[in-house]
Protein chains: 2
Amino acid sequence: MKKKNIIDKLINREVIYQQGISIDCVVFGFHDRTLKILLNKFNFFHKWMLPLGFIEKDENMDDAAYRILKKKTGLDNIYLYQFHAFGNTLRSKSQEQRDILSKMGIDDGEHWLAQRFVSIGYYALVEYSKVNIKTNAGEELRWFNINEIPSLYSDHNSIIEKALSVIRSQMRIIPAGYKLLPEKFPLSELRIIYETILGRELDRRNFQRKILASGYLIKLDEIHRKTGRKPATLFSFDKEKCDKALQSII
Amino acid sequence: MKKKNIIDKLINREVIYQQGISIDCVVFGFHDRTLKILLNKFNFFHKWMLPLGFIEKDENMDDAAYRILKKKTGLDNIYLYQFHAFGNTLRSKSQEQRDILSKMGIDDGEHWLAQRFVSIGYYALVEYSKVNIKTNAGEELRWFNINEIPSLYSDHNSIIEKALSVIRSQMRIIPAGYKLLPEKFPLSELRIIYETILGRELDRRNFQRKILASGYLIKLDEIHRKTGRKPATLFSFDKEKCDKALQSII
């Protein structure tokens with residue numbers, strides 16, 4: 001049986017969804033020593049975009065974000081943080097928006113999808129290996145290296161920038177990498193996450209000294225051996241401490 | 001000439017405003033050694049609320065927040081920070097909401113003000129002495145000591161709590177009190193702001209040592225003399241440093 005096309009599903013949902021508000025999700029994952037972002041593409045339109053969705057009329061906004069991401073990643077209990085609301089009028093008055101609507105067969109300026117949208121940005125930190133990407137017919141979902149993000153639909157590139165900037169400021173409170181890395185990891189992988197988010201290389205020894213002094217890591221009695229790499233001690237996060245720090249930003 | 005009543009102004013503004021989104025403002029001021037919040041009350045309803053407003057259809061969301069606060073405080077260039085979006089369905093389904101609508105003479109469940117609203121929370125830090133409170137007929141605006149906030153309309157008490165929690169986490173990056181205190185101030189006033197936001201007393205000497213070590217303050221060659229108080233050295237913020245820190249959270 002053919003899955004129902006995502007657009008057919010969406011187009012008549014005015015009765016279900018709250019008008020004028022969308023949710024844009026910046027989903028971070030870490031794999032193959034690279035920080036990645038999950039992007040979405042619809043066959044009918046040439047640009048990639050952030051996974052997005054809408055809020056049902058009777059649904060709490062946070063629940064909507066969990067529902068949208070569960071549908072795309074298969075994950076429950078994802079770590080989500082609402083980081084900013086985007087309400088610039090330029091978002092909804094571009095030639096690009098007219099193009100995408102026209103490709104969806106929407107010519108009526110009064111159609112609910114043709115209205116101005118304020119978007120609530122959530123970022124998600126997921127364990128890459130646990131994600132089970134799910135798509136509807138007519139769409140694609142793919143991980144992109146964060147340094148290879150293409151030009152995205154609407155203001156989605158700047159939404160990613162804003163998410164990174166919020167995470168950068170939160171790094172003073174909670175170590176980056178928590179919720180992203182697997183249970184056990186070599187320190188070099190955590191350093192790569194820091195380097196990627198900060199956009200600059202870090203001195204290996206300085207990083208090690210500072211991050212261990214922060215007290216958020218536990219040194220394990222295990223060695224990581226991988227072909228082509230030096231054996232490395234494994235670490236894990238002190239969950240109790242990290243969760244307490246997370247509480248202070250929620 | 002009688003000023004037009006605020007409710008008459010609002011009630012037929014469906015054509016002007018973006019539907020389903022409001023802006024709630026938590027305005028902080030410091031006066032008489034007390035942290036204060038600006039609250040709004042309409043004659044027709046018994047509860048105080050946060051100053052709020054709506055976004056014009058062609059208006060950027062941030063501009064709407066500036067416009068709303070300029071109207072109430074007379075201030076341009078106010079320091080505003082968008083801190084959270086509130087999207088719980090309970091916000092708009094309460095007996096209280098039915099009451100306030102009924103007092104406004106709105107019985108039609110389809111009226112734009114009777115719909116569900118997602119609210120974008122902005123906090124503002126203002127210099128108390130520069131505020132020039134402006135009201136429409138039928139409304140009142142008043143500063144409340146932060147420890148004497150009454151039970152407010154809807155979820156407005158918890159919106160204040162959330163603003164405080166965001167400011168607490170930002171205190172690791174930018175000193176509290178910046179934009180709130182006048183040009184020159186004794187250290188004890190800054191300590192009071194810290195104590196109020198943290199909800200606990202601080203040791204005077206420890207506070208002094210830490211805050212001076214942070215490098216955000218400049219010690220002035222001036223003494224503050226006020227009847228009934230010990231003479232005290234005056235300080236000011238290092239604006240360049242503080243603005244740079246602010247940039248990192250914007």
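Trainee: Which residue in E9(B) stands opposite Lys219(B)?

Mentor: Lys219(B) stands opposite Phe235(B). Before we go on, this is a predicted model, in which local features need pLDDT of at least 70 and side-chain atom pairs count only at pLDDT 80 or more, while totals for chains, interfaces and linings use all residues. Residues are numbered from 1 along each chain as its sequence is written, and chains are lettered from A and ligands numbered from 1 in the order in which they are written.

Trainee: What makes E8(B) and strand E9 of chain B a pair?

Mentor: Strands are DSSP runs (E, at least two residues; helices are H or I, at least four), numbered from the N terminus. Two strands pair if DSSP finds at least two bridges between them. E8(B) and strand E9 (residues 232-237) of chain B have 5 bridges, in the antiparallel sense, so the pair meets the definition.

Trainee: Why is one side of strand E7 and of strand E8 of chain B left without a neighbour in the sheet?

Mentor: In chain B, 3 strands form an open sheet with antiparallel pairing, in the order E7-E9-E8. Strand E7 (185-186) and strand E8 (217-224) stand at its edges, so each has a single partner strand.

Trainee: What is the strand order of the open sheet in chain A?

Mentor: The order there is E7-E9-E8, again 3 strands with antiparallel pairing. E7(A) is joined to strand E9 (residues 232-237) of chain A by 2 bridges, and Pro186(A) stands opposite Leu234(A) in E9(A).

Trainee: Which residues of H5(A) and H6(A) meet?

Mentor: Leu187(A), Leu190(A), Arg191(A) and Tyr194(A) of H5(A) meet Arg204(A), Phe207(A), Gln208(A) and Ile211(A) of H6(A). By kind, this contact has 5 nonpolar residues, 1 polar and 2 charged. Ala, Val, Leu, Ile, Met, Phe, Trp, Tyr, Cys and Pro count as nonpolar, Asp, Glu, Lys and Arg as charged, and the others, Gly among them, as polar.

Trainee: Into which domains is chain A divided, and where do the bounds come from?

Mentor: Chain A is divided into domain 1 (6-170) and domain 2 (185-247). The bounds come from an automatic or database domain assignment. The centres of the two domains, taken over C-alpha atoms, are separated by 30 Å.

Trainee: How many residues of the two domains of chain A are in contact?

Mentor: Contact requires C-beta atoms, placed from the backbone, to lie within 7 Å. In chain A, 7 residues of domain 1 are in contact with 6 residues of domain 2. Helix H4 (residues 156-170) gives the most to the domain 1 side, with 3 residues. That side has 5 nonpolar, no polar and 2 charged residues.

Trainee: Why are the two copies said to be related as by a two-fold rotation axis?

Mentor: Copies are superposed by least squares on the C-alpha atoms of residues with pLDDT of at least 70 in both. A rotation of 180° with 0.0 Å of shift along its axis superposes chain B on chain A, with an RMSD of 0.0 Å. The two copies are thus related as by a two-fold rotation axis. The same surface serves both, as 100% of the contact residues of chain B recur in chain A.

Trainee: How many residues of chain B are in contact with chain A?

Mentor: 24 residues of chain B are in contact with 24 residues of chain A. Strand E1 (17-31), strand E4 (79-86) and strand E5 (118-125) are the elements of chain B that give two or more residues to its side. E1(B) gives the most, with 4 residues. The chain B side divides into 8 nonpolar, 11 polar and 5 charged residues.
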